[in-house]
Structure formats: C-alpha cells, structure tokens
Amino acid sequence: MGTLGGHALPGAIFYFSGFWNLINALRILVAGAPFKHRFWYPINVKCTQRPLEPMIKIAACFIGILIEMGHSARWHITDTDGNFINMNDFQHSTMYMTFLIASVVDIAIERRPALAGLDGFCWSLGFGGEAFLFYFHLGGRPMVDSQIHLCLVTACVMCSVGALCARWKSTNPIVSIVYSLCVMVQGTWFVHAGFLLYPPGMDKPWLNMMDMEAMMYVTDLFLIHFIFGLAFLLAVYSVFTVVITPVLPAKHYVKHPKSEPAMYKTVPTSHNGATHFYMVRLIEVRL
C-alpha cells in the first residue's frame, strides 16, 4: 500500500461502495417506499438475482491481498535473525481480509435470512479493525504523515459507528445515508492521501513532513472532503426530487402481493376519468 496505486485501489472500493449505497438510499427515500437498510444493493442487469456487489468487493479485496503479499518473500514475518519483517504488508492484507469476510457474510445472509443483523457487526468490525490497524501504523512517521493517517483513522471510526447505527436504526434512511457519506469520504481521503504521500512524477512528498503549517493544511483538507461530500449528497437529493417525484408520486408506491418480498411495483390510477400507468422500471426497489 506504500504507493499511489496502493491507496487508490481501496479508496476506489470505498468510494463506489458508498456512492452506490447513497444513490439507492436516496432513491428509496424520495420515492416514499418503505425503507430497510442493507449493506449492498442489486445491480440492475440480467443476473440481478445474484449478489453482484458483494462478489465485486470479494474480488477487489482478494486482488488487494495478492498485491500486498504477491512476492513470495513477503509471506515470512521474521528474518533469519528473528526480527519481524513485512508487517506493513500483513497489516494491509488483514484489513482487506476483514472486508472480504464482511462481503461473504452479505452473500450468506441473502441465502440464509436467519443470519440477518450479522452484517452490521461484520462491517463495523471491518472499519473498526481498519482504524485499529492504522492507528498503530503511525509510529515513527513524520508529523504530517501521521496526521494524514490520523484523519483516515477518524473516517474509519465514523464508518464503524455508522455501520452499527445503520443496522440498529435500519428503517431510518437518514442514518443509512450518513453512513454511506462517511464511506465515500473515507474513499476520497484514501486517494487524496496517496497523492499527498506519493505524488506522481516525484520521488518524495511535496509537503514538508515536519511543518506545522502543512499539518494544519492536511487537517483542513480532510474537513473539506466532508463539506464537498455533503454538497454532493444535497445535489443528488435535489436532482432525485426534481426528476423522480413529479413522475412517480410516493402515494402510488405499493407492495405488489405476487412479487418477491423485496420488489415494489406501481398500480394504475385514475384521474379525471383517465387511467394512468407509471413505468415499473423506475421504481423497482429492493430492500
């Protein structure tokens, strides 16, 4: 992970996962359909019955582990003198492993609903474990480098708490939306940290790693990520409100008795003697 690409891969995973959850939660909120938090949403393709999102996460985590531990020498934790080696790679691989397990649990719950609720614990454990690893990843680093990672730890803790709250208040879409926003910000900060620490075309960071002003700059940047994330959330909500609500009023959403439990469809309505039918595709919601 000690490269720009090593930060960009997990950052992209977190960002797109949070983005996809945010879009779906907002869509359900604007539609007025009954809400039930979930840590993954179906992708509307021919094989939509398969949990594609958890499968993609599993593949991405597996690739991350292979990248971290790809070299045969990295599988050794001690050298010939008994000193620990390659612990950075082992820590990063452990982080990927926790999220891989959480994604496997998502698939297991889809097949065995009796396990419902275990996903919240697993995702909270994944983010909490990530925060724990990165917190003890700071030793011996320059001041600004440590601050960059401390901001990442803060985002991880927020995601861990958010995962538990989203499962606890599973029918509250606002809690789910805030959790998704935290995951997105963690992803953007992961990528930004890569550019700060490993700028392209340079053999060292452009920031002075021992400068107090640079430390304040990093802290301000982290807060700006949340500000832009919140602005993006409000923009998407506004677009959904303008585009979806006039076409598909919330009062027309009813649960279709013959559909599977997670599917919703519209019903024909009459107005001024005319019957109106709304597009089913726009309001298919899986909870």
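Student: What is the mean pLDDT of the protein chain, and what share of its residues reach 70 or more?
Tutor: This is a predicted model, and the chain's mean pLDDT is 81, with 81% of the residues at 70 or more.

Student: Which elements have the lowest and the highest mean pLDDT?
Tutor: Strand β1, residues 253–255, is the lowest at 40, while helix α6, residues 173–197, is the highest at 94.

Student: Why is Phe19 called partly exposed?
Tutor: Buried needs under 20% relative accessible area and exposed needs over 50%. Phe19 has 26%, so it counts as partly exposed.

Student: Where is Phe19, and what does it touch beyond four places in sequence?
Tutor: Phe19 sits in helix α1, residues 4–31, and touches Met184 and Phe232. Phe19 and Leu233 are 214 residues apart in sequence, yet their C-alpha atoms are 9.5 Å apart.

Student: Which residues have the most contacts inside the largest nonpolar core?
Tutor: Phe127, Val144, Ile148 and Trp189, in a core of 60 residues. Helices α1, α2, α3, α4, α5, α6 and α7 each supply at least two of its residues, and α6 gives the largest share, 12.

Student: What does Trp189 touch, leaving out residues up to four places away in sequence?
Tutor: Trp189 touches Ile148, Cys151, Leu152, Leu196, Val218, Leu221, Phe222 and His225.

How values were computed. Residues numbered from 1 in each chain as written. Predicted model: local features only at pLDDT ≥ 70, side-chain atom pairs only at ≥ 80, totals over all residues. Heavy atoms only, no water. pLDDT = per-residue confidence, 0-100. Buried < 20%, exposed > 50% of the residue type's maximum accessible area, 1.4 Å probe, protein only. Contact = heavy atoms within 4.5 Å. Core = buried A, V, L, I, M, F, W, Y, C linked by side-chain atoms within 4.5 Å.
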